[in-house]
Amino acid sequence: MRNLPPLDIPIRINTEPSQFTPDDHRWAQARRLLTEDTLPTADRVAGLLVLLFAQQVSRIARLTRSHIHHRDDGLTELSLGATNVVLPGPLADLINQLPTPRSDGTARHLHDGTWLFPGRRPGQPLHPTTLSRRLAQLGIDARPDRNSALLDYARQLPPPVIGRLLGLAPGTVDRWATISGGRWARYSNMASRTPDRT
C-alpha cells in the first residue's frame, strides 16, 4: 500500500442555487426598508439593492456617486449594467440622502467619485463582509434574497434584457432562465445554439 501513488478523487460540486427566500417575505422586507426611517439609511439602500435589483454585496460596496444619474424629468437612474435602471421614488430619495464622512467627523453630501458606502479607512469602500453583517442584523440574508430576486427577473424578462439592466454576464442570465423554467428558458436554449454571425 505504501507504494501506491497519491490519488486525486474528483469531488462534484453542485453549483445550482439551493437557497431562496419566499417572495412574500422578500417583498415585506423591501417595504420595511423603504418605510422604516429608524434604520440606517445606508443599510436600507444596500438591502434594497439586494432585494429589488439582485445585486451582490461585493458589487454594492463598490458603487460610487458616478453610478447615479439625475434626469431632467426628475427621475433618478442607477447604472448597474449597460442600461440604466430607473429607481422607485422612495429608493431614489434614500440614495440621494447618503452622506459620506468628512475628516472632521461631520457629514457632507456625496459628490461624483465618492463611495456610496464608504469604509472607515479614508478613500476605501465599506468591506463587503462588514456590509453583509450589517444587512444580516436587519434580517437580510443576501444570498437567498438575491437568488429569489434573480429568479423573479428570469421569469419575467428575456436574458439579454436582464444582463443589460443588472450588469450580469450572458452565461449567468442564460443559466437563470433555465433554472426558472419559465417562458424564457426555451429562448435561452435556442439562443445558445444559434451561431454568432457578427
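The questions below take up the helix, the sheet and the pocket in turn.

The model is predicted, so that local features need pLDDT of at least 70 and side-chain atom pairs pLDDT 80 or more, while totals for chains, interfaces and linings use all residues. Residues are numbered from 1 along each chain as its sequence is written, and side-chain values use heavy atoms, without hydrogens or water.

Q: Which residues of helix α4 are called buried?
A: In α4 (residues 89–97) they are Leu91, Ala92, Leu94 and Ile95, where buried means under 20% relative accessible area with a 1.4 Å probe and protein chains only.

Q: Why are the buried residues of α4 said to line one face of the helix?
A: Seen down the axis of α4, they fall within an arc of 160°, so they line one face; the arc is that of the directions from the helix axis to the C-beta atoms. Their cover includes α1 (23–35), α2 (41–53), β1 and β2.

Q: What makes β2 and β3 a pair?
A: Two strands pair if DSSP finds at least two bridges between them, and β2 (residues 76–78) and β3 are joined over two bridges in the antiparallel sense. Leu78 stands opposite Val85 in β3.

Q: Why do β1 and β3 stand at the edges?
A: The open sheet has the order β1-β2-β3. β1 (68–70) and β3 (85–86) each have a single partner strand, so one side of each is left without a neighbour in the sheet.

Q: Which residues lie nearest the centre of the largest pocket?
A: Of its 14 lining residues, Gly119, Arg120, Pro125, Leu126 and His127 do; lining residues have an atom within 4 Å of a point on a 1 Å grid, a pocket being an open set of such points with protein on both sides within 12 Å along at least five of seven lines.

Methods. 1 Å grid on protein atoms, 1.4 Å probe; cavity = no way out; pocket = protein on both sides within 12 Å on 5 of 7 lines; lining within 4 Å. Helix = DSSP H or I, 4+ residues; strand = E, 2+ residues; numbered from the N terminus. Buried < 20%, exposed > 50% of the residue type's maximum accessible area, 1.4 Å probe, protein only. Contact = heavy atoms within 4.5 Å.
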